[in-house]
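Here is a short briefing on selected strands and helices. Have the sequence and the 3D view open as you read.

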Amino acid sequence: MARGLYERFAIFRESFDAVCAALDAELAGHVDRSVAEAVFGTDPEVLNQTVFAQAGLFAVEVALFRLVEGWGVRPEFVGGHSLGELTAAHIAGVLSLPDAAALVAARGRLMQALPDGGVMVSVAAGLETVSRLLVPGVDVAAVNGPASVVLSGAAEPVQRVVAALSEQGIRTRSLVVSHAFHSVLMEPMLAEFEAVARRLEYHEPQIGLVSAVTGEIADPSLVCDPEYWVRHVRRPVLFADAVRSLYEAGVSTVVELGPDAVLSAMGAQCLDDPEAMAFVPSLRSGKDGLVAMLTALSALHVRGIAVDWSALPATDSAAGDIDLPTYAFQHQPYWLHGGPDATPPIITDGLFRVGWEPMPARSTVAGESPAPIPLPVSTVDDIRALASTGAGASAPQVLMVDATGGPRSDADGILQAASGILALLQTWLAEPALDETRLLLVTRGAVATRAAAELTDPAGAAIWGLARSAQAEHPGRLVLLDTDGEPPSPDVLSAVLLGDEPQAAVRGPELRVPRLVPAAPIANLTTDPRPDSHRNPGPEREPAPRPASEPASEPTSEPTSEPTSEPHAPGTVLITGGTGTLGRLLARHLARAHGVRSLLLASRRGPDAPGAAQLVADLCEQGCDVRVAACDVADRAALSALLASIPADRPLTGVIHTAGVLDDGVVAALDAERLARVFRPKADAASALDEATRDLDLSMFVLFSSAAGILGNPGQANYAAANAALDAVAQRRLAAGQPALSLAWGGWAASGGMTAHLGPADVERNRRIGMSELSAEAGLDLFDRALRSARTQSDDAVLVAAEMDVRALRDPVVTATLPAMLRALVPTRRRRTADRGPSSQPASPTAHSDLAGRLTALEPAEQDAYLLNLVADQAAHVLGHASAQGIEPARPFRDQGFDSLTSVELRNRLSAATGLRLPATLVYDRPSPRELAAHLRSTLVATEAADGEQWSALVYRTRCRNCPARPRWRWCSCCPRWRPRSSWAF
């Protein structure tokens, strides 16, 4: 932990040594070694002892602060999580080093002296949800985010709460701890700790100090009270509230001083606006300390934080000139090389819509069973009751949920409907007894297949967005069917359940399925976005939402273009999320390329947002009158006041809604709170804007949506639902004859804002479905062309804006798992029902039998190696590695970069490769590649043995004597498969 910094930087070393000396003096007679020996020693178990863990963290954190302080970084506020707040108090001047060391040492040794037996569990749910399930003996130890709570207490009551959470489909994870910190089990040490605290001397902080006990900026008198530090041991850590208080105090950049980036990851989830604060970790586990520190300094520098770069070499004992290597660098290609064999990508025009075509006729299979009869269910209790009756043959083949509850267009009704379906899906997916049971979700008027007026149920639209993500996470298990009137007939149900289409709509006598298709070409049009008049409702086509992740990144240099149309008509354009990365990009573009001369930029922080002042100055230089306002657009009263403030001589003539937040998680990890958090700034705000401007003479009303609502991104079910509801706003406006365009964006090349959380695996996942990243210039060009399309082709309320590499989609590996929505982009051979792919149907029994057959031809050790290679290959593919060499067989998946989403994707790929129905918790239950491969072997070989008995009986009856022999195997042309001789029974 920070050994490299200790050896290289005298500032760090001197500070660390001083802190350790003070701690050692307090711990003398209580421990068997010095703090420095514990931190830099070779026995990792020593740091698992509470006394050394807390002392070591305090020493490293103080030394890190002195190091960055020596490089010119000066904070306005300090704070910390649990023990980290003691470090912050020392840095702020509340406690001298000897007094701080006395408090830290007493805290650690007294906690360690407590009896073992407590547990702590991380819960992926909000405080309100968790609090309702608490029982005596269980405390909330920390609130780390809007959907992240830590429980603490004795093992038995904690497990009871965990079981209740699991029944609701809420993910939990046990933490490796020695004691149940911040719980009732800490109380036996409080009196002795208080005695230590009362003999110390306290001073008013010289730097602002945020309290994680109250969640607010601390009053100086509060942290000078010894009783506060006693409560600090027992009370929960209100980390999320502390982050919000810093945000409200104007903080825009937070540096994490510690051995890893744990707080940075949590802090980014605590605010509605993901761009409001940047979290910069100083060190990262497994990364060179110097590289990590330089990366942190660079991040601070580009955000305008003063860094004294001249002090860096002066404090570096190893500084000096270095020679460049004279040997050739290691070559590992990551791109296509030019030349006669190069295969350039085929990029489409960039604008798409969702077209609905007749469901393709399906080929029948000899001996095929009739379609199962769906069993209706309507509540969570219905599903649980079915699951309790048993699995296997007794479980129903298909459940049917009727979600046609009538039009629900108000924000609360839409959210309530989506939350209800989420609970049903979670319960169904969590029941092992229903692993082989599919679910048919029926809506009415949730999609528009030809005319926007077909969409009569906005809540149903949100349900489709939610369910599409569930389909991506659990291929083959969920089918969506929309009707236009009566309940679906038996013939319709049969066609849907026997086919391989995951989504369909009944319109009159016809079944239609959705396909992403290129929008009609546009030629010889101006770039003036103003229609001559409102668009009239007419024969309309269909909506088309947006790809993977929302654009939210600003280019390093603005695309330079002169105005390409006459100045915008006198009037004001409102941009929500206007001070965010995307809002700033659009504001500059509208002023430069569209001649807009009056802009109103609304965001949560308004003028206090980072970069807002510079943005205003830049736009004013272009002759644009700009006002930046703080406004929660989803608040009808606040929005009304904002619109009323627009000058009468520059009335509102355009709206562009870019605001939104993310709270990603797989379906099993979501809850109503996380749905609401994403819905409010995206869908609720769009509805509010629609209501407030319905009677105004607008020339454009543009909503920025996401293809997650159409393609169903795994891990974004709440975001997909919110964007599908937003698309419905545009559809309904268009049906009413009002201007409306919902632009569903694909990924953008530069990272930032709402895409800042995306890792290599997320980017690779988008590329595997042919989605190329948009540059800022390309994105703005698509924006302009979409506006022209909206003017001339008035029947599309929703367009998808993304560059698709069609050649990538033709890769056989990609085609095998291609979402049905993209099939029109890559015409392929129609598949028989027995050949259903993993994108829409259950795992193929053909894949199962083929793999099991191959395994029987191998010795046990060869089977293990074969399956381990299979797991490693699929894991590497999911993570975007060039090969499987970087996958370590014994290392846990979580330590190799897997999270809940990539774990689900690995499960899906292995299900497709093996033909097995694998549980969603596969990677958690079998946490390393070797354990997972062993599980696959035991399952496949056991199944093969059972198959062998049936096969042998078949051979006995058919007398297959015409099979060619091999030394140990025979080939049966009836199966056809290789079989060991011992299984032949003539």
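Val119 has Gly153 of β4 as its bridge partner. That pair belongs to strands β2 (residues 118-123) and β4 (residues 148-154), which run antiparallel and share six bridges. Keep in mind that this is a predicted model.

**The four-stranded sheet**
- The sheet is open, and its four strands follow the order β3-β4-β2-β5. Their pairing is antiparallel.
- The edges are held by β3 (138-145) and β5 (172-174). Each has a single partner strand, so one side of each lacks a neighbour in the sheet.
- On average, neighbouring strands are turned by 25° against each other, direction ignored.
- Helix α8 (residues 155-167) packs on this sheet. The helix touches β2, β3, β4 and β5. Its direction makes about 145° with that of β4.

**Helix α19 and its cover**
- In α19 (residues 490-498), the buried residues are Val492, Leu493, Val496, Leu497 and Leu498.

**Strand β19 and its parallel partners**
- Strand β16 (residues 572-576) runs parallel to β19, joined by five bridges. Here Ile575 has Ile656 of β19 as its bridge partner.
- Strand β20 (residues 700-706) also runs parallel to β19, with four bridges between them. Ile656 has Val702 as its bridge partner in β20.

Definitions and conventions
Residues numbered from 1 in each chain as written. Predicted model: local features only at pLDDT ≥ 70, side-chain atom pairs only at ≥ 80, totals over all residues. Heavy atoms only, no water. Pairing = 2+ DSSP bridges. Helix = DSSP H or I, 4+ residues; strand = E, 2+ residues; numbered from the N terminus. Axes fitted to C-alpha atoms, helices over the stretch in contact; angles between N-to-C directions. Contact = heavy atoms within 4.5 Å. Buried < 20%, exposed > 50% of the residue type's maximum accessible area, 1.4 Å probe, protein only.
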